[in-house]
Amino acid sequence: MDDVPTPPATPPAASPAASLPVLQADCGNCFALCCVALPFAKSSDFAVDKPAGTPCKNLRQDFRCGIHTRLRDTGFRGCTVFDCFGAGQQVSQVTFGGRDWRTHPETTRAMFDVFPVMRQLHELLSYVAGALALPDAAPVHPELRLALARTEEWTRAEAQALADLDVAALRQEINTLLLRTSELVRAKVPGRKKNHRGADLMGARLAGADLRGANLRGAYLIAADLSGADLRKADLIGADLRDADLGAADLRDAIFLTQPQLNAARGTLSTRLPHPLTHPTHWT
């Protein structure tokens with residue numbers, strides 16, 4: 001891809017996953033970047049408007065949230081859905097070497113610019129690592145390993161290089177590999193698979209539906225009833241599951257499902273999930 005800058009160093013030739021950054025948020029090692037760098041608008045997800053680069057009114061001096069245990073009850077449901085995939089601590093402790101934006105204000109603009117880029121890189125790493133764990137995708141594993149190493153190398157780049165990175169182009173390149181992964185995995189499911197890619201399924205009644213191996217990439221499933229549905233090996237990359245009912249649904253082996261998608265949905269403890277995803281605390 002000619003329009004993507006060359007990474008700052010040559011990716012390691014062997015065991016790229018060995019240096020993979022942690023892909024789960026560690027708020028204790030982050031300078032509350034999601035609470036400052038990102039904007040949010042007053043809505044059902046956020047009680048107030050906040051422009052990018054402005055600290056949330058609930059942020060304390062120690063970079064902790066003053067209402068962390070009461071976010072949903074006080075109108076900040078969106079905060080419980082967001083996940084940085086570990087980008088926050090990577091920017092805070094690696095890119096900026098532990099210098100926080102309060103005591104080192106000269107880092108503020110660059111840090112806030114880099115955080116959304118790093119978040120996308122970590123999300124891509126999560127998808128690629130997940131694809132590499134799928135035996136049925138073995139034919140595309142060599143290219144996935146190269147993509148993993150290359151993307152991981154970007155996570156260790158300097159701030160200016162990250163700010164200049166064309167992430168959209170990189171996403172497109174990796175998405176081609178993820179689509180091939182999806183096709184290989186879903187082909188193993190017997191019978192005709194449903195194709196709802198990008199479909200408007202808002203509020204759809206799909207309780208108990210057989211969606212094994214379905215293509216639900218980018219589908220709008222807002223408030224859909226998926227209770228008891230069989231979603232094994234369904235491709236859910238980019239699917240909007242806000243307020244979708246996943247009670248007792250079977251999501252084992254669902255492809256490219258993320259924790260933020262689950263956090264945005266409704267479910268029960270009987271909902272079956274793929275490892276290492278967990279039941280959100282607001283599920284009953």
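Me: Is Phe-40 buried or exposed, and what is its relative accessible area?

Reply: In this predicted model, a residue is called buried when its relative accessible area is under 20%. Phe-40 has a value of 11%, so Phe-40 is buried. Phe-46, at 16% relative accessibility, also counts as buried.

Me: How is a pair of aromatic rings described?

Reply: A pair of aromatic rings is described by the distance of the centres and the angle of the planes. The structure holds six aromatic pairs. One of them joins Phe-40 and Phe-46, with 4.2 Å from centre to centre and 10° between the planes, and this pair is stacked. Another pair consists of Phe-63 and Trp-101: the centres lie 5.6 Å apart and the planes stand at 70°, so the arrangement is edge-to-face.

Me: Which parts of the chain does the pair of Phe-63 and Trp-101 link?

Reply: The pair links distant parts of the chain, 38 residues apart. Phe-63 belongs to the segment before α1, whereas Trp-101 lies in the loop between α2 and α3 (108-132). Both Phe-63 and Trp-101 are buried. Together with Phe-31 and Phe-112, these two residues form one aromatic cluster.

Me: Which charged end sits over the ring of Phe-40?

Reply: That of Lys-50, which is placed 5.5 Å from the centre of the Phe-40 ring.

Me: Where does Asp-83 lie, and which side chain of opposite charge is nearest to it?

Reply: Asp-83 lies in the loop between α1 (77-81) and α2 (87-95). Asp-83 is buried but has no salt bridge, and the nearest side chain of opposite charge, that of Arg-119, is 6.1 Å away. The Asp-83 side chain does reach the backbone nitrogen of Phe-85, at 2.7 Å. Once neighbours within four places in sequence are set aside, Asp-83 is in contact with Ala-25, Arg-119, Gln-259 and Pro-260.

Me: What is the relative accessibility of Leu-184, and which residues is it in contact with beyond its neighbours within four places in sequence?

Reply: Leu-184 is located in helix α6 (residues 167-186). Its relative accessibility is 29%, so Leu-184 counts as partly exposed. With neighbours within four places in sequence left aside, Leu-184 is in contact with Asp-136, Ala-137, Pro-139 and Val-140. A distance between C-alpha atoms can also be given: those of Leu-184 and Pro-135 are separated by 9.7 Å, while the two residues are 49 residues apart along the chain.

How values were computed. Residues are numbered from 1 along each chain as its sequence is written. This is a predicted model: local features need pLDDT of at least 70, side-chain atom pairs count only at pLDDT 80 or more; totals for chains, interfaces and linings use all residues. Side-chain values use heavy atoms; hydrogens and water are left out. Helices (H or I, at least four residues) and strands (E, at least two) are DSSP runs, numbered from the N terminus. Buried means under 20% relative accessible area, exposed over 50%, partly exposed in between (1.4 Å probe, protein chains only). Lys and Arg count as positive and Asp and Glu as negative; His and the chain ends are not counted. A salt bridge is a side-chain nitrogen of Lys or Arg within 4 Å of a carboxyl oxygen of Asp or Glu. A polar contact is a pair of N or O atoms within 3.5 Å; within protein, one must be able to donate a hydrogen and the other to accept it, and residues adjacent in sequence count only if both atoms are side-chain atoms. Contact means heavy atoms within 4.5 Å. Rings of Phe, Tyr and Trp (its six-membered ring) pair if their centres lie within 6.5 Å; planes under 30 degrees apart count as stacked, over 60 as edge-to-face and the rest as tilted. A charge sits over a ring if NZ of Lys or CZ of Arg is within 6 Å of the ring centre and within 35 degrees of the ring normal.
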